[in-house]
Amino acid sequence: GLLHFEVGFHCYESDNGSCVAPVSLCDGIADCPKGEDERNCSQYFYCNQGSPYHVSKHHVCDGKRNCYDNSDECQNCELDILSDDAHIIANPILRAFIWIQGFASLFGNFFVIFYAVCALQMDSKLTTVALVNKQLIINLASADFLMGVYLISLGVMDEVQKGRYCLEATQWKLSTMCQLLGVLSVLSAQTSVMSLGVLSTYRMLIVMRPHSTETTRRKARAATIGISICTWIISSCLALTPLLPVFHDYFVDEYHYTDNPILLSGTRKAHIEFLRNYHDFSEAAAPSWTTLIQMTREIWPKAKEPPRPMSYYSKHGVCLPKLFTTASDLNWSYPFFVMMFDFLTFLYILGSYVLTYKISARKATAASKRSTNNGTLQKKIARLIVADCCCWVPVCASAILHFGRLVDASGMYPYAAIILLPINSSLNPLLYSDALDLLYKTLSTWICKHPAVRPAISKLQSVKEACCDAASSVSQSLHGPSILQQQGKRSEVTMTDSTDLPPSAVTLNLRHFH
């Protein structure tokens, strides 16, 4: 502890037995040879690695890195809305969703791609419409597969940094890996959205103008590949633009220094306030980041490593851009534009599928309105609409309301980033391919044929038949023969009387009564 004397403070670890005046205790300057006079001071927080030795306690948990090792921000502080001292994703439920949706996206989309590629190997047996549909499905599944890669990679990094994430949070957000994951997520999401739009357009054209989609297989293949490439190019531009140095003045909020004790990190405003001590800035001047960094390095030329930008993908530990912005944010227009583009695309997809179903129902004949194909189409379109609504409506609506300051959607960010946005990548393999129907058919067949289940199914069928017979007996005793029974008798008579007729005549009679 500290040894106080009336005449001063005794440097108890020093060999020369020197003393320090009481006014020099805990003044931020080490007067004792070994710094004893600056230890155990209640007004200071001591950095773990001693660089700097200590900082004022009001800097603890202020959201700014004052210790080189970031230990002043690792005192059970709220790092951001997603993370804590130990984990990139603090909520254990959200961490579980990362793994569940990641593996679902990886294996589900891999199965769809494999299934579609195998179908394309039988190229000669596919119609032109089926060929185009398979190619579009492969493009969609490839984009959703990347979302699975992003989710699994994020889960792995959370495990790698488990227990010490806070000390490495800044380095993680600035790392190339984090930027790569951010690009991967945006690339996947935007390519998936545009692929869904293209797929819904093609399916609508098939129903509206079936003859217009009839073309040579070579032209159809070339057109589909060209459209798919365009979706990837546009998505790549949207994902990579924020990282281009030419746009740093728009996208970068702050820079971090690794070996500059004068300025560890700072926003543009913090840089300007710091540099005003050395340079004159006019009120109207808005120096670029290049100018600010160059002027800062002139003041501290000993810095060996260049500062690193806190980029568009460094807002949170999950390496995603801000989803909910207001006009007061520095780069609000870009994420808001992307969100509105996705929302309008969703509305288009919704409208196209509703129109597709209405046209299909209107073109159906009176005899086929309740056919199996029409019912299957209705179920598939309903699944598509519900899934898209669950994904995009909450996120886009919250973004619009947050931008208008009608609600504060900041608390929704973890659930939007971890659950709502990636969920489409997990569900699309089931919704936009035959995988769900194939899986259901396979499982139902296996269950029905299983020795342990077969007796139970037979009992259920017997109970069902007994109930139907009982209900028929009660109805007959109360109301006489039912209409179905009368029609059945008529059909039997018709078939009996038509034994000498050709098969086509018998078929017509059966169609008439059934």
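**Ground rules.** This is a predicted model, where local features need pLDDT of at least 70 and side-chain atom pairs count only at pLDDT 80 or more, while totals for chains, interfaces and linings use all residues. Residues are numbered from 1 along each chain as its sequence is written, and side-chain values use heavy atoms, with hydrogens and water left out.

**Cores.** I looked up nonpolar cores, meaning sets of buried Ala, Val, Leu, Ile, Met, Phe, Trp, Tyr and Cys residues joined through side-chain atoms within 4.5 Å. Buried is under 20% relative accessible area, exposed is over 50% and partly exposed is in between (1.4 Å probe, protein chains only). The largest core has 50 residues, and Tyr 150 and Val 318 are among those touching the most other members. Helices H1 (92–121) and H2 (128–160) are among the helices that each supply at least two of its residues; helices (H or I, at least four residues) and strands (E, at least two) are DSSP runs numbered from the N terminus. Another core, of 16 residues, lies apart from it and includes Val 132 and Tyr 353.

Next I asked what Tyr 150 is in contact with, leaving aside neighbours within four places in sequence. I found Leu 181, Leu 184, Ser 185, Val 318 and Leu 320, with contact meaning heavy atoms within 4.5 Å.

**Cysteines.** I counted one disulfide, that is, a pair of cysteine sulfur atoms within 2.5 Å. Cys 178 is joined to Cys 319, S to S 2.0 Å. Cys 178 sits in helix H4 and Cys 319 in the loop between strand E8 (308–310) and H9, so the pair ties together parts 141 residues apart in sequence. Both Cys 178 and Cys 319 are buried.

**Helix H1.** I noted 30 residues in H1 and a reach of 44 Å from first C-alpha to last, close to the 44 Å expected (1.5 Å times one less than the number of residues).

**Rings.** My search gave 12 aromatic pairs. Rings of Phe, Tyr and Trp (its six-membered ring) pair if their centres lie within 6.5 Å; planes under 30 degrees apart count as stacked, over 60 as edge-to-face and the rest as tilted. Tyr 255 and Trp 289 have centres 4.8 Å apart and planes at 55 degrees, so I wrote them down as tilted. Trp 289 is buried at 2% relative accessibility.
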